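Open the model in your viewer and keep the selection tool at hand. The stops below go from one selection to the next.

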Amino acid sequence: MERVVFTEEMKKTHTILVPTMLPVHFNMMVQIMRQHGYKAELLTNDSHAVIEQGLRNVHNDTCYPALLVIGQMIDALESGKYDLHKVALLITQTGGGCRASNYIHLLRKALQKSGYGYIPVISLSFTGLESNPGFKISLPMAVQLVNAVFLGDLLTDLQNQCLPYEIEKGDTAGKVAYWEDYLCGQMGKKPYIPRAQVRKWYDAIIRDFASIPRKKEKKVKVGVVGEIYVKYSPLGNNNLEAFLLQEGAEVVVPGLMGFCLYCVYNTIEDRTLYGGSAGKVALFKLIYNYLTGREKEVIDAVKKEGSFRPSSWFPDEVKLAEGYISHGVKMGEGWLLTAEIVSLVHEGIENVVCTQPFGCLPNHIVGKGMIRTIKEKNPNANIVAVDYDPGASAVNQQNRIKLMLANAQKT
Amino acid sequence: MRLNIGIDIGSTTVKVVVMEGEKILFKRYERHFSQVRQKTGELLRAARETVGDNPFRVALSGSAGFGLSKAAGIEFIQEVYATSKAVPFFDPDIDVIIELGGEDAKILFLTGGVEERMNGTCAGGTGAFIDQMASLLDVTPGELDQLAAKHEKLYPIASRCGVFAKSDIEPLLNQGARKEDLAASIFQAVVDQTITGLAQGRELKGKIAFLGGPLFFFKGLQERFVETLHLSPENALFPELGQFSVAIGTAFYAGETCPETEMDDLLDRIDKATGGVSATNYLKPLFANEEDYRAFAARHARATVEEREIENYSGNAYLGIDCGSTTTKVVLIAEDDKILYKYYSSNHGNPVSIIREQLIRIRRLCGDRITLCSGVVTGYGEDLIRNAFQVDDGIVETMAHFRAARHFEPDVDFILDIGGQDIKCFKVRNNSIDSIMLNEACSSGCGSFIETFAKSMGYEIADFARRGLFSQYPVDLGSRCTVFMNSSVKQAQKDGASVADISAGLSLSVVKNAIYKVIRAHSPDELGRHIVVQGGTFLNDAVLRSFEREIGRDVIRPNIAGLMGAFGAALYGKGKRQKESGILSLEELEHFTHTAKSVTCKGCANHCPLTVNTFSDGKRFISGNKCEKPLGIQNAEKLPDMYEYKLDLIRGLKSTEGPRGKIGLPLGLNMIENLPFWHAFLSSLGFEVVVSPISTRQTYNLGRYTIPSDTVCYPAKLIHGHIEWLLQQGIDTIFYPCLTYNFDEHKGDNHYNCPVVAYYPETLHANIGALKNVRFLYPYFGVHRPKDFIRHATRFFMDEFPGITRKDVRVAAGAAYAAYAQSRQLVRDKGAEMIRYARSHGKKIAVLCGRPYHIDPEINHGINRLLTSLGMVVISEDCVSDLVEPVKVDVLNQWTYHARLYNAAKYVTQNADMELIQLVSFGCGIDAITTDEVRAILESAGKLYTQLKIDEISNLGAVRIRLRSLLGAVAERETANAARGMANA
């Protein structure tokens with residue numbers, strides 16, 4: 001099977017379809033892609049047909065996210081909305097020892113079998129596993145994407161902190177919609193937005209959310225961690241956040257930047273553990289310092305305003321992993337997953353749902369495998385591991401989450 | 001009077017208690033057959049007499065109660081939490097509660113760190129599991145309990161989930177194992193599951209209360225728990241009201257928090273409660289209308305074998321017997337292939353007596369008019385039946401089915417057979433079987449699942465199926481394993497789906513399982529043009545229709561769909577042109593007796609449970625064996641077996657006392673292949689290396705209590721036992737490094753280990769408490785970069801063991817790399833030698849592929865020996881993976897062990913005398929990727945692909961059929977090729 005390359009020609013003619021995971025972030029990213037000359041569109045199809053297509057086109061023992069992402073794409077291709085000779089697909093590729101690095105290949109195989117072998121698939125990865133002449137991320141575009149991740153993380157975090165307490169139903173959603181719209185507009189206007197401008201936005205966003213009238217009552221806080229796709233995607237986790245909200249909890253979900261930093265950090269750690277090129281590592285150290293510096297800005301802005309709980313700083317999470325798991329565990333969500341749970345528990349968010357696709361290999365170790373130790377060191381930690389897959393029933397999942405909530409309300 | 005009512009709606013039963021303080025005034029426990037709302041109303045009405053017009057407080061609990069609580073506005077309390085509320089009622093000094101429900105299992109630790117746990121989604125049910133197993137044995141749950149009381153021995157039965165257990169039990173049944181022993185083994189499986197799945201390393205000690213329906217009703221289960229946990233009588237509490245624990249706790253909770261209400265109001269709310277928003281997905285109805293159905297029925301009526309009256313026939317007749325996993329089929333055909341006699345029945349766990357009755361009938365019907373020329377038996381019970389009745393011949397199931405399908409459609413190119421336990425499908429090319437696909441242990445049980453389910457809902461299968469035909473809203477139940485389907489059904493019922501909708505939904509699920517999980521088809525064209533479907537399950541029109549729907553093509557279903565195996569066997573016998581059958585005569589049959597006794601084989605360390613069948617003529621038949629040893633056959637020629645050779649290499653590693661004392665290595669996962677490396681390395685540094693012994697079942701039992709994830713692969717689970725063994729020996733330094741990267745063999749894009757292999761030491765450290773008391777060393781090393789390895793190892797070992805010098809490490813590393821290279825070379829050389837042996841002796845070669853740790857006999861369950869007993873020389877993937885240029889595959893080829901598979905597949909395609917068999921551990925996510933690729937490589941060159949999924953299930957019944965089918969297909973293909981060669985010449 002020859003790889004169909006995304007050529008420079010195609011940049012002009014083809015629409016790039018992007019699967020969803022985090023709506024706010026991904027909307028901005030698509031805007032940025034458009035600003036940089038790509039025709040891009042975010043897929044929003046999330047009907048049951050997506051799962052059906054996934055089952056049909058992907059080996060059923062493959063992890064659920066692969067099934068959903070590929071299912072969503074094929075479902076979109078067959079919707080009749082697109083000229084199939086004028087579309088390309090974009091998919092992320094982390095490139096670790098987890099089978100997730102193979103999603104792109106499974107997608108290509110599925111396309112081939114369904115007769116769409118001619119559709120180019122673009123790999124979006126940190127390590128540049130594949131190259132496409134028509135798809136290159138320039139430095140300004142990369143910075144813009146970073147902006148989008150920080151802003152998206154901030155918006156979702158504030159949304160989570162306001163939603164359960166808003167007095168006027170819809171206030172929070174309104175603010176999110178406003179800022180999403182505004183920021184997408186801004187991203188679509190300029191190829192590059194300076195850091196200072198982004199910082200001004202942070203302040204404005206935080207102030208605006210702080211103005212939402214909120215109840216003072218105390219709610220149970222529930223952290224959601226896990227495999228990145230099922231953690232974030234409502235399609236992947238049976239609308240977990242909505243369920244928790246409905247059960248009267250405040251949801252705390254660590255942001256996407258943490259995962260990005262984790263990938264950067266691992267490249268540095270890999271050299272420490274096993275050796276390798278010094279030049280590459282120097283570059284990654286630069287990136288690491290740049291990103292953690294910017295992350296600090298968001299945290300400081302939240303602290304300064306004072307109404308909200310700031311998220312945790314990546315270098316602190318790095319330290320938190322010590323005593324639990326080595327930083328050498330770098331497949332899947334790796335040590336970060338353990339660190340995120342510990343970080344949540346330390347911040348007083350002792351109730352945690354650890355989500356993973358059924359049979360997720362890294363989570364045997366970093367998720368389920370670490371719960372015992374975390375509980376030993378933090379007796380108040382109240383953690384439930386929930387598996388997701390096309391056959392798992394919501395009743396079973398909800399019953400276990402309710403047990404966790406019952407324990408939470410007891411203390 | 002202050003009254004509190006607790007309602008507990010579980011997956012199968014409703015429980016209602018009315019309490020005044022600690023006193024129970026009223027209690028009822030009944031099955032709800034999915035009619036949750038009606039049953040609850042009914043029980044409350046019965047309680048009315050007790051309650052009268054008094055106000056009361058009420059709350060509701062249970063896994064199936066959530067929907068009703070919302071719709072009727074009744075306070076809901078999670079059931080585990082409710083159980084904890086009930087503790088003071090039973091005994092305030094309880095330390096641990098074990099509660100088993102219809103489909104959930106829970107453990108509550110009340111002292112020393114309160115903790116509550118529920119089974120994961122994969123573990124399936126317990127009460128429902130026992131019900132299912134009882135129906136498999138054809139007894140009521142009550143009778144199952146009585147049987148268990150008379151057991152003599154226990155069989156190891158996979159306890160992870162019902163589907164697995166079933167795969168273990170069915171073959172045992174067919175081998176004639178005693179039901180008494182099986183009943184007790186089923187209870188033991190529940191106990192093991194509770195301990196491994198739930199306790200997960202936390203010790204079960206102190207006063208333990210056992211609650212919930214199954215633990216109340218089944219004395220056998222109680223006994224298994226007491227014995228397994230070594231409980232003294234005062235520490236094992238089986239409260240009389242154990243099955244009401246959740247309801248009682250719920251009543252207490254209601255008393256504390258709920259507002260007062262009255263009976264009229266409550267009943268009114270319940271009666272008016274309707275499902276609310278439905279979370280269930282619906283599918284299109286199977287038939288638009290009656291007419292649609294009639295056309296469908298008429299079309300299928302065309303595929304019919306005619307029958308003729310046996311009374312009016314004289315001449316030759318041919319008998320076919322299909323002794324399947326759950327059913328027995330018998331067909332007698334005449335010279336013109338018409339059916340003289342047919343029989344189809346559930347084998348009720350005792351196929352021998354059923355077949356005896358049938359043979360007597362047939363012998364009588366034949367009289368002197370009809371000559372029984374031949375008898376051929378196929379199916380799970382083939383060996384047993386053949387031996388019992390001196391049936392002339394046996395034929396592999398797949399071959400029998402092919403034979404029969406060809407009778408209906410000479411051009412058949414695809415056969416799908418869904419039986420009680422198996423899904424089998426085969427493609428046919430050039431008149432021979434081209435590829436065989438069978439379901440793996442996980443998705444098995446499909447046909448019988450519908451039946452068991454029908455029964456559990458109070459219906460006969462035929463009636464249940466008929467109802468599904470005209471369902472307007474078939475529910476979408478997913479296509480994973482049947483345990484998941486159970487939960488999906490539960491959800492659908494919650495949302496108000498009718499029996500008809502569920503019946504139709506189950507049919508669709510069975511079909512989807514077959515198409516997407518077993519066949520892995522993308523389009524109908526991939527299946528074929530002339531499709532024959534068969535097996536008892538296809539007699540269900542709903543299943544047939546669902547199948548045609550899903551593939552968008554009409555298929556042929558013979559009217560004897562359920563008898564095809566037997567029919568094919570009869571045709572095969574007829575083809576043999578034999579004069580007279582040697583089957584027992586009428587007189588012999590009438591005096592025929594059969595006893596089965598279970599014994600443990602003492603032939604080797606495996607201690608296989610055997611069943612010894614003794615027949616009236618004194619002849620014995622032994623089943624359950626994995627090798628020829630207990631049969632007393634002196635295997636004159638032991639064929640070369642790389643798996644054995646590799647084990648011998650491990651056994652041959654000798655350790656000497658060292659100045660630095662002992663260091664332990666667990667013999668599992670990558671340590672199995674890397675042992676020469678670390679052994680040499682540590683020996684050179686002056687350690688006495690202690691390696692845990694090669695795994696047995698005991699190894700698993702030793703470590704099963706600390707496994708945190710019940711869906712991890714069996715090889716990973718086993719290593720817990722190896723660590724425990726080392727701890728038991730008093731080894732105070734254990735070494736097991738984390739290896740993100742494996743050795744680079746330059747075969748692919750990268751050379752990773754899989755996440756589980758790479759980081760499992762972290763899991764061991766975090767979950768085996770006792771490791772904290774010893775020195776457990778699990779450094780991160782990169783053996784793929786020798787220079788960096790030496791640098792890092794120097795730092796590590798000099799820090800850990802003062803006195804070790806740089807030079808020591810350098811020398812040790814030199815020895816390690818040399819020993820590793822030598823061990824790899826030995827394997828390659830020996831492999832080449834084995835291939836030469838096979839060729840000079842005219843033997844076929846099986847390239848048994850997997851991971852290096854699949855050589856562990858507890859992981860492969862002796863499949864290598866089974867292969868040599870079938871006449872094949874066994875080599876492993878790494879014997880040949882260096883003999884071809886690296887294969888370019890369509891996936892990211894980034895794991896060292898997996899890259900070998902692709903190369904081995906390539907090599908097999910270049911060698912006519914080699915067949916590839918891939919071992920896949922259940923739960924191996926990465927093999928979801930490799931299996932498709934290996935299959936593609938093989939099939940592109942016209943080779944057969946065989947995948948064997950393995951787990952803790954130790955029964956090789958299905959594997960044997962699988963391998964014999966493979967050999968049968970290969971032989972048939974060779975004959976066809978030879979014939980073509982002759983024609984061309």
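This is a predicted model: local features need pLDDT of at least 70, side-chain atom pairs count only at pLDDT 80 or more; totals for chains, interfaces and linings use all residues.

Residues are numbered from 1 along each chain as its sequence is written, and chains are lettered from A and ligands numbered from 1 in the order in which they are written.

**Domains of chain A**

Select residues 8-137 of chain A for domain 1, then 138-217 + 277-311 for domain 2; such bounds come from an automatic or database domain assignment. The C-alpha centres of these two domains of chain A are 26 Å apart. Where they meet, 13 residues of domain 1 are in contact with 17 residues of domain 2 (contact: C-beta atoms, placed from the backbone, within 7 Å). The domain 1 side of this contact has six nonpolar, five polar and two charged residues. Here Ala, Val, Leu, Ile, Met, Phe, Trp, Tyr, Cys and Pro count as nonpolar, Asp, Glu, Lys and Arg as charged, and the others, Gly among them, as polar.

**The largest nonpolar core**

Next select A:Leu107, B:Ala317, B:Ala570 and B:Val847, which touch the most other members of the largest nonpolar core, a set of 446 residues. A nonpolar core is a set of buried Ala, Val, Leu, Ile, Met, Phe, Trp, Tyr and Cys residues joined through C-beta atoms within 7 Å; buried means 20 or more other C-beta atoms within 10 Å of the residue's own. Helix H19 (residues 499-519) of chain B gives the largest share of this core, 13 residues. Domain 1 and domain 2 of chain A both contribute residues, so the core lies between them.

Which residues does A:Leu107 touch, not counting residues up to four places away in sequence? They are A:Ile70, A:Met73, A:Leu89, A:Ile91 and A:Val121.

**A sheet in chain B**

Move to the open four-stranded sheet of chain B, with order E19-E18-E17-E20 and mixed pairing. Strands are DSSP runs of E, at least two residues, and helices are runs of H or I, at least four, numbered from the N terminus; two strands pair if DSSP finds at least two bridges between them. E19 (432-438) and E20 (531-534) of chain B are the edge strands. In chain B, E17 (residues 414-418) and E18 (residues 423-429) pair antiparallel over five bridges, and B:Ile415 stands opposite B:Phe426 in E18.

**Between the chains**

Last, show both chains: 58 residues of chain B are in contact with 58 residues of chain A. Helix H28 (755-767) is among the contributing elements of chain B, and H28 gives the most to this side, nine residues.

How values were computed
Two residues are in contact if their C-beta atoms, placed from the backbone, lie within 7 Å. A residue is buried if 20 or more other C-beta atoms lie within 10 Å of its own, exposed if 12 or fewer, and partly exposed in between; C-beta atoms are placed from the backbone.
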